[in-house]
Amino acid sequence: MVSAVKLFFATDIHGSETCWRKFLNSAPHYGADVVILGGDITGKALVPIIHDGGDAWHGTLQEQRHDLSGEDEAVDFEANVMRRGYYPFRVEPDELAELERDEQRLDALFHSRMLATVERWLAMADERLAPKGIRCYVCPGNDDQLDIDAVIESATGVVLGEGRVVDIDDFQMVSTGWSNVTPWKTYREDSEDDLYTRIERVAATVQAAPEKTIFNLHCPPFGSGLDEAPGVNEDMTPKHGGHAPEPVGSIAVRRVIEEHRPVLSLHGHIHEARGHARIGPTLCINPGSAYEQGQLLGALIELDGKKIKNFVLTSG
Amino acid sequence: MASADVPAERTLFVRKATGLVKGWSVLDAFIYAAFAINLMALGFGYAFTTIAFIPNGALIAAIVVSALFIIFECLVYASLIAVMPRAGGDYVWQSRVLGGGVGFVFACTGWWFILWHWVPIYANILVVEVIQPFMVIIGNTGTGVFQSDWWVYTPTHGTGIFVASLITIVIATLVVAVGMRAYAQFQKWCFYGGLLGLAIILLVFLFHTKADFIVAYNRSAQNLYGTGPHAYQHLIAASNKAGTSSFPGFGSFPVKASFLLIPFIVFYNLWPNWGATLYGEVKGASDFRKNCYAMAGALIFTTIVVLVTFAAMAHAMGWETYGILSSAYWGYFTAPLAIFPYPGTLAAFFFTNEAIQLIIILLLSLWFFGWAGSVFLSSTRMIFAAAFDRILPEWAARVDSRTQAPVGALALMLIPSIPISALYAYSTRFYTYTLDATLVIAATFAVTSLAAIVLPWTKPEIYNQSPIARYRPLGIPLITLSGVIFLGFLIFCLYKWLSDDVYAINNHQSLVYMGVLYAAAVVIYVISRAVRSREGIDLTKINSEIPVE
């Protein structure tokens, strides 16, 4: 007998409180059995909320300064910052000046805020998913620091995917958040050869047939259309006003897909490259990301053990 | 909470993370928008010659006033890009705000079906601005493959327009196939080359007088087109006799008649938003402002350049001459020479050296070649977005693994455009069907404006988090205010197009044909919804908001 499974996949939420909460509610919303979160879970920026004396504070979000009067307004502002995927922190003006000078201290602050948020999120997942019997798989991405793996692993309602094969009913899923080299020199980057070795080491241990194998590889395959990002000049400005996308995906990822021919390959990494593509028999999906707008872009996929029964990209 | 401008202190600490780029260049986006409201291809290529149809309207005033209204279009689209920066543009915004069915039907007709019909319109511009003057300058009067009567005497219909349509299709296909990166580079070179050509003809006009023009016109009419002597004098005499020699002065503004010109003028300047389907991630308020600067800047720049060009032409030819030449072209009277009054051709008349004439025509032709790809390019993004929503089949979003060309979307543009171009070229009845081509796109923009107007209330959770939420002139969200003004402007144009014979598009057969296109879109959506439902996909659910709590 062949069992079917309905998956919801989202990725690249980059610290967005709104997107995480939507992700936790996605299974009942779409009628999914399993939810999978691809990489780049953590936020990209810290937003200082600077004390102006008394109960007055100010902070800047989206290039707009907000003068805050009283605790309620400060808390509201913090919530707005978190919704967009940034980490707020309160600070005195002289401390802020010190932070600007002391990179190590700034890194430590960033690290602590990030881990605290991930821990809080996982506690929410433990509380909300397990009682409903919703299975949840999370795999960090290249923008996520390595030590969040241990935090994810410690959660009871969430299964860590990184660097291993996990069973989803009759299906097996291979995951990694590592990517090929980017101009930003992020935390999980490999040369194409090393990336191939990293993925192949795990993929080689898959026992399931290709039609019951799922790849969850953060970086999309090169030249699939799921890897088209605005080209960047040497000074990190987008080429041609951002109107000139170019393929930046991984050759190694493409190679392992071509060699193993899994029924489904899930990707993220390139927010603008929302879409689906076929590489041989493999359906490759990058649902894209709109975390800054609080929109959870995702993909709902139904597998019947022989093929993709159906799939659709969602915008929730 | 009070708000003010951004302070100088450190307001954000970023760590190393993918995609953290510096701001994009406004100039690059400006060039794309400037090509979309192409003063040479769309303005001098058609819209401005419509002064012949409403001779008591002030062309300059209509150009300026329409641009003022279209500034609000720039605000609407820059706002929507800031709130929902998603490739797919109108389709995405309409489907997310007004529902998937509405989004598909209006975007499908306005960004997909109707652009098949724009291929021969582009081709017509290619003929009158590039091929026809080129053929005449090289002295082509013979028969064979490049028969002169294909291009010179019957450019609106027949084999000439079909061949030009095929050329346009090839160019557009190549542009889509090679990708945006190569196209952006090509477009930039075309922009600078086209500006050089424009600068040359401005100097030519500025350094010649009306007496010089009369001599040049008579000489060129006789030598290049084989008319008798004194073609200019015969032109003026015929125009005087027909009563088509009087136009409002350069700076005058007869309000009513000038407003009546606007539905013609928007054929050229309604499109600064053409790149909106291509946008991806937007970082913040500064990107909203940059989008405004790029689109509105292109509109203002183009408007100013048009005014300068007309001033220079008026200096060299006399202000009324452009209207008279347009009237002759549109057949209001019979003149010895009734060629399209393209500034490039007219500037070339001042020279007898063929090489100089060809340089002028070829440099100005870059305005066409840099723009021609736009007939397919934006449409492919809409097709992709609909395929991702599973309304269109999976293959519609297929990308060739070797070339990265979007072969599915390209086929959906390319294949129908060939028979449609043939029908346009060889069937007068079908040509009539296509008269409403501009109207359908304007209707799509109107529905997008409606989505923009209601967005702060229908999608408050997205709107309030967007960088534009703080813009509230008169206490009204800027996106709503801009949407109301632009929608009002579009309703005026739509009403005039549908009610006034002068625009030649309130044609019953054309309206029925356009109705068929809308019906086809509805049928596709209904079938798709039924098929997906049977597969277990609820298309109504794919854009529904997931609860946060």
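1. In chain B, the axes of helix H11 (residues 255–269) and H21(B) come within 10 Å and cross at roughly 95°. Because 65 to 115 degrees counts as roughly perpendicular, H11(B) is roughly perpendicular to H21(B). Axes are lines fitted to C-alpha atoms over the stretch in contact, with angles from 0 to 180 degrees between N-to-C directions; helices are DSSP runs (H or I, at least four residues), numbered from the N terminus.

2. H11(B) contributes Phe259(B), Leu260(B), Ile262(B), Pro263(B) and Val266(B) to this contact, and H21(B) contributes Phe489(B), Phe492(B), Cys493(B), Lys496(B) and Trp497(B) (contact: heavy atoms within 4.5 Å). By class, these residues are 9 nonpolar, no polar and 1 charged (nonpolar: Ala, Val, Leu, Ile, Met, Phe, Trp, Tyr, Cys and Pro; charged: Asp, Glu, Lys and Arg; polar: the others, Gly among them).

3. The model is predicted: local features need pLDDT of at least 70 and side-chain atom pairs pLDDT 80 or more, whereas totals for chains, interfaces and linings use all residues. Residues are numbered from 1 along each chain, chains are lettered from A and ligands numbered from 1 as written, and side-chain values use heavy atoms, without hydrogens and water.

4. Helix H3 (residues 59–83) of chain B packs on H21(B) (residues 478–499) at about 135°, with the axes 8 Å apart. The H3(B)–H21(B) contact has 11 nonpolar, 4 polar and 1 charged residues.

5. Between the chains, 75 residues of chain B contact 87 residues of chain A. Glu394(B) forms a salt bridge with Arg278(A), the closest N and O atoms being 2.5 Å apart (salt bridge: a side-chain nitrogen of Lys or Arg within 4 Å of a carboxyl oxygen of Asp or Glu).

Methods. Helix = DSSP H or I, 4+ residues; strand = E, 2+ residues; numbered from the N terminus. Parallel < 35°, antiparallel > 145°, perpendicular 65-115°, else oblique.
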